[in-house]
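Subject: The two-chain model

Hi,

Here is the model I promised to pass on.

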Amino acid sequence: MRDSQVIVTGAAQTPFNRRKDGTGFRDWALDAFEAARLMACLDRADIDALFVASESDVFSLQLNPASILATELGLTGAAGMRCEAGGASGQVAVHAGVQAVASGSARQVAVVGVDPSASSLSGDKMRTLYGFSFDAWTDGMTGLTATALYALSWQVFAAEQGLGEAALAAVTKQNRGNAMANPDAHLPREHSVDEIAESPMIADPYRRLHCSPLSDGAAALILTHADHAPAARRKAPRVVGIGGATDHAQLGARSRPGDFTAKQKAMARACVLAGIAPKDIGLTEIYDSYAGAQLQGLMALGLTGDVAADLHAGAFAPDGRCPVNLSGGLMGQGAPVGAVGVGQVATCARLLEGRYHPGLQLQSPPRYALADTHGGLCTTAAVTILENGGAA
Amino acid sequence: MIPYRLSLDYTLHPGWLEPFVEGLRAGQAVARRCADCGRVSFPPVRICDCGSVDGEWVALSGRAIIRARTTGADGDFALVQFVGADTSAVVRLLDMPEGATEGQLAASDHDLPQLCLGPVDGGQSA
């Protein structure tokens, strides 16, 4: 995809938070889609296909959401499909959209991610359901929670890398701190180390403040073939690499349970398509469902060879060599699951184009940005590489 | 906002995992041994990393070594390796003393196929 013809002409999201205003997922999807469509300078009739990311019908109590949203978004007649890969649902929907445009089967597509992850069901019910997002027979029945599973993987990784509480606190402070300048963020906070250390223990060593929240919200992209892009959007960022991979669903079946091997493979595939190496990435939105997962992800993606040293040196800070999760990530911005991967790509595109929130916008956007998502305990990984189109 | 209650009663079918599931309900570790390379997986892996689809069910002692453990509001869980298995497993710990390094597969209190590990011989583990 080095000479990619897939342009991100529209990129938008709603606030991610816990909605208490009586609005529902259809409202959020329309808000995000309309903002992206207007940015893309397109009419609804220009959209050939709709790709919807939504993790579970159980959250929304709406089966077949792509058909519902096609109607709700005024896209009746367009092709429609729903994409699902757990936490990576949004990113695989982006991949489906990219492939449709790159193949020539569609001129322009809408990718809409949405989930009511916070306001539909109680936290306890969601925790139980998420146990079944791993292997239902070996994990879900046992009552294993996502936090406990991630904690076990982190313990193995942390022991190998010489990381501990301080590293978890540094990620937590940075992501929530970045979210302070993001008006769409669910948890903008200035945490102290003591506050983090004193928050309730959920699954040792993960405390409540090391965990991402469940949120409501939506995000949307318009992907357009260069031959059909409006003149005003031809220099918008392009998708130059996509990559996906899977790992054993059971943590215990992996030879190295602390490593995110699927992410490593997905990144390698995306880099081959883009014709670049991980060192060329100048900013990234990483899947930080837990503070430690961000560091496991950085290693797997090849963005560092010594994560402890680079974290300490500020390499991933807003003014570092590769800013990570300027949006606040899942921990700070929030996590309406289906919207996460779509929102990550939208954030990268807006940052590359110089159209992000003023307090977080890089003055000199890099050439390449990376959006990274996974489902399960990095059982399904999906990454997207964007290249600056020269608009900034 | 409209409160809505939905109660679902599933009938689940474990399929090829039936020996494993029935073993768990009885407190027995039933593993899968690859017919080609001999690798033993517990929980069972259907298609071995060597590519073979052929295997046989073998009973392990149920004794397991604890590799990592997590405790908190979500419960007590561990990454363990059952003796005789080449893979690891994630289990719920039942009344496992702090510092225990091994345990024994325990039958679930519920009518569910749960991977639970209790103290060896029902007593203190060392």
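Chain A and chain B bury about 2400 Å² between them, and 67% of that area is on carbon and sulfur atoms. Buried area here is the accessible area (1.4 Å probe) that two parts lose on being put together, summed over both. On the chain A side, A:Trp137, A:Met141 and A:Thr142 lose the most area to chain B, together 29% of what that side buries. The contact (heavy atoms within 4.5 Å) takes 27 residues from chain A and 34 residues from chain B.

Before you go further: this is a predicted model, where local features need pLDDT of at least 70 and side-chain atom pairs count only at pLDDT 80 or more, while totals for chains, interfaces and linings use all residues. Residues are numbered from 1 along each chain as its sequence is written, chains are lettered from A and ligands numbered from 1 in the order in which they are written, and side-chain values use heavy atoms, with hydrogens and water left out.

A:Arg107 pairs with A:Asp48, with the closest N and O atoms 2.8 Å apart. That pair links distant parts of the chain, 59 residues apart: A:Arg107 is in the loop between helix H4 (89–103) and strand S4 (108–116) of chain A, and A:Asp48 is in the loop between helix H1 (25–40) and strand S2 (49–53) of chain A. Helices (H or I, at least four residues) and strands (E, at least two) are DSSP runs, numbered from the N terminus. For accessibility, buried means under 20% relative accessible area, exposed over 50%, and partly exposed in between (1.4 Å probe, protein chains only). A:Arg107 is partly exposed at 39%, and so is A:Asp48 at 23%.

A:Glu387 and A:Arg367 also form a salt bridge (2.8 Å, N to O). A:Glu387 sits in strand S11 (residues 380–387) of chain A, and A:Arg367 is 20 residues apart from it, in the loop between helix H14 (337–353) and strand S10 (368–375) of chain A. Here A:Glu387 is buried, at 15% relative accessible area, whereas A:Arg367 is exposed at 54%. In chain B, B:Asp76 and B:Arg69 meet in a salt bridge too (2.8 Å, N to O); B:Asp76 is buried at 15% and B:Arg69 is buried at 18%. Salt bridges that share partners also join A:Glu34, A:Arg37 and A:Arg44 into one network.

Now for chain B as a whole. It has one helix and eight strands, and 46% of its 126 residues are buried. In that helix, H1 (residues 18–25), the residues B:Phe20, B:Val21, B:Gly23 and B:Leu24 are buried. They cover an arc of only 160° around the axis (taken from the directions from the helix axis to the C-beta atoms), so they lie on the same side of H1(B). Their cover includes helix H6 (136–140) of chain A, together with strand S1 (29–34), S3 and strand S7 (102–106) of chain B. After H1(B) comes B:Gly27, which has a positive phi, near 80°.

Last, the aromatics. Rings of Phe, Tyr and Trp (its six-membered ring) pair if their centres lie within 6.5 Å; planes under 30 degrees apart count as stacked, over 60 as edge-to-face and the rest as tilted. The count comes to seven aromatic pairs over all chains. B:Phe42 and B:Phe82 have ring centres 4.8 Å apart and planes at 75°, so this pair is edge-to-face. B:Phe42 is in the loop between strand S2 (40–41) and strand S3 (55–60) of chain B, and B:Phe82 is in strand S5 (residues 75–82) of chain B, 40 residues apart. B:Phe42 is buried at 0% relative accessible area, as is B:Phe82 at 1%. Over in chain A, A:Tyr150, A:Tyr206 and A:Tyr290 form one aromatic cluster.

Cheers

Methods
A salt bridge is a side-chain nitrogen of Lys or Arg within 4 Å of a carboxyl oxygen of Asp or Glu.
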